[in-house]
Amino acid sequence: MGVDKKILVIPGDGIGQEVTAWGQKVLVTIAENYKHNFVFEEGIMGHVAIEATGNPLPDETLEKARRSDAILFGAIGHAKYDNDPSLKVRPEQGLLKIRKELGLYANLRPIKLFDELLEASSIKPEILRGSDILFFRELTGDVYFGEKNRTENMASDLMIYHRYEVERIARKAYEAARTRRKKLCSVDKANVLEASRLWREVVQGIAKEYPDVETEHMFIDNAAMQLIKDPKRFDVVVTGNLFGDILTDEASQIAGSMGMLASASIGDSVGFYEPIHGSAHDIAGKGIANPLASILSAALMLDISFGLKNESQRVIKAVEATLKQGYRTMDIANKHTDNHLVMGTDAMGAKVLENLN
Ligand code: NAD
């Protein structure tokens, strides 16, 4: 029997507008093919919302988010703000606020390498082959939410973690590790940072509840190096907001491109699904952005928020089939790619839909 779900779509800024349309089209197609009833609403956030209302997260968008079953988000950001640090109202405030308001404390970032893209990465294929990592990035603490101070000649951002914040994400990561290869690596900077010493102490405590999972603690600087040297050594990685932000952009090279990585943010209520990339000013409006991260974010939504595992697998298989047929967007093309098969956002999205049908 089909399910009834309300989905809020927030395309946001830049390429968010271009790629989210394809995540949504995939959800529409799945609903048609499997007789589900998905009702869509649209909301604004980021630079487009500042332009329209003066607020990066209008109350109306937040209300729509609260009454939805899941949210498909694109990206926020505009070059105007990146180059003018003095602007007080900024697009990313919208994203940080919605994460906090919805209690989205765990950001899951699966680093899934499609075999067809082994050659797309700048890392050697023999090092990449077989990599499969699931990152848990903490999302509502750390320097992103700590107290900020600024004088003419001084600035500070407080790195702050509470015990409960580390406990809840560590438990989620251990539960996931149990369903995978039973290895968990906790990344911190406990040799220098007090917040990291609390992080490590708490993870050591939770580890005792999961004796079947092998636990490793690693400093962030070493983790950044090991990730490129030997990505296969990692299974589940759990880390704080700042380290997770940086480490997962680095890990996108394992999957070939930022345009391939989807994420799910979960917590107290509704799930929030988005590519890990930003609004990509350098390619926005050119119609060349890779839509696969948005499409794979839709697949995560089907699985995690709606429990529709077959439908989710169907989307992943359609992406795989499209890559097997040789189709590529520019970010995942290389010298071996047939130039005729390199296409823009809409043509690539359309190929995935064909394969879905
Ligand atoms: P970015 O992720 O937007 O882009 C980094 C690089 O990856 C760029 O060269 C871009 O062209 C490429 N890229 C990203 N997504 C791609 C895709 N789907 N297909 C092909 N290539 C892709 O990061 P940035 O350039 O550092 O930041 C741009 C803006 O995005 C900034 O304003 C930043 O604040 C914002 N940002 C937003 C989010 C978010 O909304 N979650 C995340 C990161 C950055």
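1. The model is predicted: local features require pLDDT of at least 70, side-chain atom pairs count only at pLDDT 80 or more, and totals for chains, interfaces and linings use all residues. Residues are numbered from 1 along each chain as its sequence is written, and side-chain values use heavy atoms, with hydrogens and water left out.

2. Around the ligand there are 21 residues, of which Ile76, Gly278, Ala280, Asp282 and Asn290 come nearest (a residue is near if one of its heavy atoms lies within 4 Å). This shell comprises nine nonpolar, eight polar and four charged residues (Ala, Val, Leu, Ile, Met, Phe, Trp, Tyr, Cys and Pro count as nonpolar, Asp, Glu, Lys and Arg as charged, and the others, Gly among them, as polar).

3. A polar side-chain atom of Asp82 lies 2.9 Å from a ligand oxygen. For Gly278, a polar backbone atom is 2.7 Å from an oxygen of the ligand, and for Ala280 a backbone N or O atom lies at 2.8 Å. On its own the ligand has 800 Å² of accessible area, and the protein covers 71% of this (Shrake-Rupley method, 1.4 Å probe).

4. Ten strands form an open sheet with mixed pairing, in the order β2-β1-β3-β12-β11-β4-β5-β10-β8-β9 (strands are DSSP E runs of at least two residues; two pair if DSSP finds at least two bridges between them). Its edge strands are β2 (37–42) and β9 (214–219). Strand β1 (residues 4–12) pairs with β2 in the parallel sense over six bridges, and Lys6 has Val39 of β2 as its bridge partner.

Notes
Polar contact = N/O pair within 3.5 Å; in protein donor to acceptor, adjacent residues only side chain to side chain. Helix = DSSP H or I, 4+ residues; strand = E, 2+ residues; numbered from the N terminus.
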